[in-house]
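Here is a short report for someone meeting this structure for the first time. Keep the view open while reading.

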Amino acid sequence: MSYIGFMKALHKKTCGLCCTKLINFGVTIGRTEILHDINLHIHCGELTALIGPNGAGKTTLLKAILGEIKHTGELHFLDAEDCLRTPVVGYVPQRIDFEPGSPISVLDLFSACSSSWPVCLGHSQRMREQASASLASVQAEHLLNRCLGGLSGGELQRVLLAMALDSSPDLLLLDEPVSGIDVQGKDMFYDLISHLRRKYDLSIILVSHDWGLVSHYADRIVLLDRTVQCCGTPQEVFSNEQVLQAYGPAAQEDMAPLRMKPQIIHRSGGVQA
Amino acid sequence: MIEMWYALIEHLFPFAWANHSFMKNALLAVLLVSPMFAIMGTMVVNNKMAFFSDTIGHSALTGIAIGVLLGFQDPLLIMVVFSVLLAIVISMLKVWTTTSTDTVLGAVSATMVALGIVILSRGGGFNKFSRFLVGDLLSITQKELLLLAFSLVGVLILWSLMFNKFLLVSVSPSLALSGGIPVRLVETLFCISTAVVVTISIQWVGILIINSLLILPAAAARNISRNMRQYHVFSIMITLISGIAGLLMSYYWSTATGATIVLFAALFYLCTLIVKPQLT
């Protein structure tokens, strides 16, 4: 029952009208200009993938949107009624640097996020049900009482995703969510995300190095290198001559494993008895 | 109030130690300090701040020295003010410098100890301050007990209001920030409260060992707990048991109370280390 309640709470009709606008957005730390002149419109129900070489400023852009780093320019969020308001931002970090031995259960983390009742005193039944329902939406309800340190990379990402969704965000930021996860785990995670953004009224910005997966799942690709180099559907971006010339080798290298069929490579005289 | 406590102890424990009022005071002090250290310690260990609290403890020497220079009979107030300022400076240094926290704390700790010793040893009078190094729980007065009681209440209030925020910040500052928590402020608040708790208790536990009393019970508790509730319950139990056992044994062995308590806590830590592999 509480599961349905949770779904209702999250489920706003996808309208495609909410819009996050970045206007002349830039970040300068000290004297180093990391990002400049970024103009982007992100609509709800859309999965936007940020790609670009190392040091291009992808994580910096996410942190600036999050408010962790100061930025120049403007960040607007317009809701379905065309009203300006501060968006609720959900964030799934690349990694969390807690001590692996910390006695923090998944339920502890959930309660700490969503209630003010000190979690060291235990949890109410209502809290337990609520957390369980949130975890169920990312197929992870069996992890409720597990220790954070004992979770695998993929399990931890799903728990963090469930927590980010818990606050019914308008905008969901994912920073290389599947780094260090096996291929099946990656596919499952991307399936889950594309399902979520269609089901809930969510704009998703995702940082990734995996061009193959991104071209399959994203609605829009933003190639970032100090500023927006190229922006459009996966077909547009990956068929752009300039993009392929400047960033191509990396793209082909990343795309290659997807096209390659499993094969056994024989070397002549490789094994000798 | 205190008479009721005395009567209760004499009624419950018909032993020789229960006849001395300094033992009854010390027992009450243990019952007040233990839970305070147990719950603060859990978060100090979670935040990897063991070296921070150690630095604050050692820097108390300089706090005492400044108090003496300014001509205070009881340097406690100056010590607290000094440690709070130091906690703020350290948390700012962590943000400003690119050096690792370890190095910053090492530098501060060594400087403060040296400065304290230099000032206090002028004219060869350092010996009268050595009670701060080892601590003297048995000399605690009723007024000081009241102060401890207030600090315990303060820590409990802080925990009930701020614990979830402390926990989130310790797990991931970015995550906490996305949840609208003012991370820098929460971190500084925790540093300050640790500094105050450590400094208030230092003259009874001792500069040399106060950090062990903060770290050992929490470190032992985390070996055998799986969630935050167990962590706190175990930590409080371990501090209380080692506190009471240490106090009584120090009476029979005529040893320094603080150090005896710490040894019992260390024993618990050792036991949990042995038990741990069987739990996981």
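## Ala110 of chain B

Ala110(B) sits in helix 5 of chain B. Is Ala110(B) buried or exposed? Ala110(B) is exposed, because 12 other C-beta atoms lie within 10 Å, and a residue with 12 or fewer counts as exposed. Met1(B) is 109 residues away from Ala110(B) along the chain, and their C-alpha atoms are separated by 43 Å.

## Confidence

This is a predicted model. Its scores are ipTM 0.82 and pTM 0.83. Chain B has an average pLDDT of 89, with 99% of the residues at 70 or more. Within chain B, helix 11 has the highest confidence, at 94. Helix 8 of chain B has the lowest, with a mean of 83.

Chain A has a mean pLDDT of 77, and 83% of its residues reach 70 or more. Residues 5-13 of chain A have a pLDDT below 50. That stretch has 12 contacts in the model beyond near neighbours in sequence. Residues 251-273 of chain A also have pLDDT under 50. The model gives them 10 contacts beyond four places in sequence.

## Helix 4 of chain B

Helix 4 of chain B covers residues 76-96, which is 21 residues. From first C-alpha to last, helix 4 reaches 30 Å, close to the 30 Å expected at 1.5 Å a residue. Which residues of helix 4 of chain B are buried? They are Met79(B), Phe82(B), Ser83(B), Leu86(B), Ala87(B) and Ile90(B). Seen down the axis of helix 4 of chain B, these buried residues fall within an arc of 145 degrees, so they line one face of the helix. An α-helix has 3.6 residues a turn, so residues three or four places apart point the same way.

The other side of helix 4 of chain B has Leu77(B), Met92(B), Val95(B) and Trp96(B), which are exposed. The cover over the buried residues of helix 4 includes helix 3 (50-69), helix 5 (101-120) and helix 9 (183-205) of chain B.

## Helix 2 of chain B and the core

The largest nonpolar core has 148 residues. Among those with the most contacts inside this core are Leu50(A), Leu109(A), Ala29(B) and Leu213(B). Which helix gives the largest share of the core? Helix 2 of chain B (residues 21-46) does, with 15 residues. Ala29(B) touches Leu137(B), Ile140(B), Leu145(B), Leu148(B) and Trp204(B), leaving out residues up to four places away in sequence.

Helix 2 of chain B is mostly covered, with 21 of its 26 residues buried. Its end C-alpha atoms are 38 Å apart. That agrees with the 38 Å that 26 residues should span at 1.5 Å a residue. After helix 2 of chain B comes Lys48(B), which has a positive phi near 55 degrees.

## Where the chains meet

How many residues does each chain bring to the contact? Chain A brings 27 residues and chain B brings 25 residues. On the chain B side, helix 7 (142-171), helix 8 (173-178) and helix 11 (228-253) each supply at least two residues. Helix 7 of chain B gives the most, with eight residues. The side of chain B that touches chain A has nine nonpolar, 12 polar and four charged residues.

## Chain A

Chain A has nine helices and nine strands. Of its 273 residues, 40% count as buried. Among contacts in chain A with a separation of 6 or more, 70% join residues 24 or more positions apart.

Thr59(A) is found in helix 2 of chain A (residues 58-66). Thr59(A) counts as partly exposed, because it has 18 C-beta neighbours inside 10 Å. Thr59(A) is in contact with Asp175(A) and Val207(A), setting aside neighbours within four places in sequence. Leu223(A) is 164 residues from Thr59(A) along the chain, yet their C-alpha atoms are separated by 13 Å.

## Positive phi in chain A

Asn24(A) lies in strand 1 of chain A (residues 19-29). Its phi is positive, near 45 degrees, and Asn24(A) is not a glycine. Asn24(A) is exposed, with 12 other C-beta atoms within 10 Å.

Gln139(A) lies in the loop between helix 4 (125-136) and helix 5 (153-166) of chain A. Gln139(A) has a positive phi of about 50 degrees, although it is not a glycine. Gln139(A) is exposed, with 12 other C-beta atoms within 10 Å.

Terms used: Residues numbered from 1 in each chain as written. Chains lettered and ligands numbered in written order. Predicted model: local features only at pLDDT ≥ 70, side-chain atom pairs only at ≥ 80, totals over all residues. Contact = placed C-beta atoms within 7 Å. Helix = DSSP H or I, 4+ residues; strand = E, 2+ residues; numbered from the N terminus. Nonpolar A, V, L, I, M, F, W, Y, C, P; charged D, E, K, R; others polar. pLDDT = per-residue confidence, 0-100. Core = buried A, V, L, I, M, F, W, Y, C linked by C-beta atoms within 7 Å. Buried ≥ 20, exposed ≤ 12 C-beta atoms within 10 Å, placed from the backbone. Expected span 1.5 Å × (residues − 1). Arc of directions from axis to C-beta.
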